[in-house]
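Grab a pencil and have the viewer open. Try each exercise on your own before you read its solution.

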Amino acid sequence: MARYTEAACRQCRREGTKLYLKGERCYAKDKCAFGKRPTPPGGAPKRRAKLSEYGLQLREKQKVKRIYGVLEKQFRHYFDVAEKQQGITGENLLALLETRLDNAVYRMGMGQSRKEARQLVLHGHFLVNGAKVNVASYQLKAGDVISVADKSKKSAKFKEVVESTENRAIVPWLEADLEKLSGKVIGKPSREDIDIEIAEHLIVELYSK
């Protein structure tokens, strides 16, 4: 399976903004590499060049891909699906990304970062409606129940994760019970529910050319 191998903080530096790819560590000023060195990666520190219209659109697409851990082919597929749905294409695209299983696990506080949540899903620690699902991109829908497999609940890893995320706010389209290590999708995420600074219209403009 294709995956990103770049250092997480290097991706933040490339996009010029925090992408919170390392979860709780990104909130600690003394541990965040981007906070210490926000300049673009590669060579000596340099100023960011002024971007063209195309450059702005491309960087926004790359930023969203990196936040959700999605590569180009899959991201384009999400856009094509979003374009065919009723409503605003950009908002449909974000809703599809939000309702990936790995993102929902992260949003519920059962993963410190999206990357960690994806690894936990791939290792078979989660059930959807009682059946094991180890596909990070599994598309959730309203009513789906997500839970940690019984054999995994006593794992020290989940105890560590829950302790570090217990104060994380749960998004309105999800319910979560960290004591029982379970949650439920109660609706479709709206644009207001997505707390990431994304200019999705730039992505739509890029793919519409």
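Predicted model: local features only at pLDDT ≥ 70, side-chain atom pairs only at ≥ 80, totals over all residues.

Residues are numbered from 1 along each chain as its sequence is written, and side-chain values use heavy atoms, leaving out hydrogens and water.

**Exercise 1.** Work out how the rings of Phe75 and Tyr207 are arranged.

*Solution.* Start with the total: the structure holds 3 aromatic pairs. Rings of Phe, Tyr and Trp (its six-membered ring) pair if their centres lie within 6.5 Å; planes under 30 degrees apart are stacked, over 60 edge-to-face, and the rest tilted. For Phe75 and Tyr207 the centres are 6.2 Å apart and the planes sit at 40 degrees, so this pair is tilted. Next, look at where they sit: Phe75 is in helix α4 (residues 72–84) and Tyr207 in helix α9 (residues 200–207), so the pair ties together parts 132 residues apart in sequence. (Helices, H or I with at least four residues, and strands, E with at least two, are DSSP runs numbered from the N terminus.)

**Exercise 2.** Find out how Phe79 joins in, and whether it is buried or exposed.

*Solution.* Phe79 and Tyr207 form a tilted pair too, with 4.8 Å from centre to centre and 45 degrees between the planes. Here α4 and α9 are linked again, through residues 128 apart. Put together, Phe75, Phe79 and Tyr207 make one aromatic cluster. Now check accessibility: buried means under 20% relative accessible area, exposed over 50%, and partly exposed in between (1.4 Å probe, protein chains only). Phe79 has 1%, so it's buried. Phe75 is buried at 0%, and so is Tyr207 at 11%.

**Exercise 3.** Which residues of α9 are buried, and how are they placed around the helix axis?

*Solution.* First, list them: Glu200, Leu202, Ile203, Leu206 and Tyr207 are buried. Then look down the axis: these residues fall within an arc of 155 degrees, so they line one face of α9. That arc is taken from the directions from the helix axis to the C-beta atoms. Among the elements covering them are α3 (53–68), α4 and α5 (89–98).

Conventions: Contact = heavy atoms within 4.5 Å.
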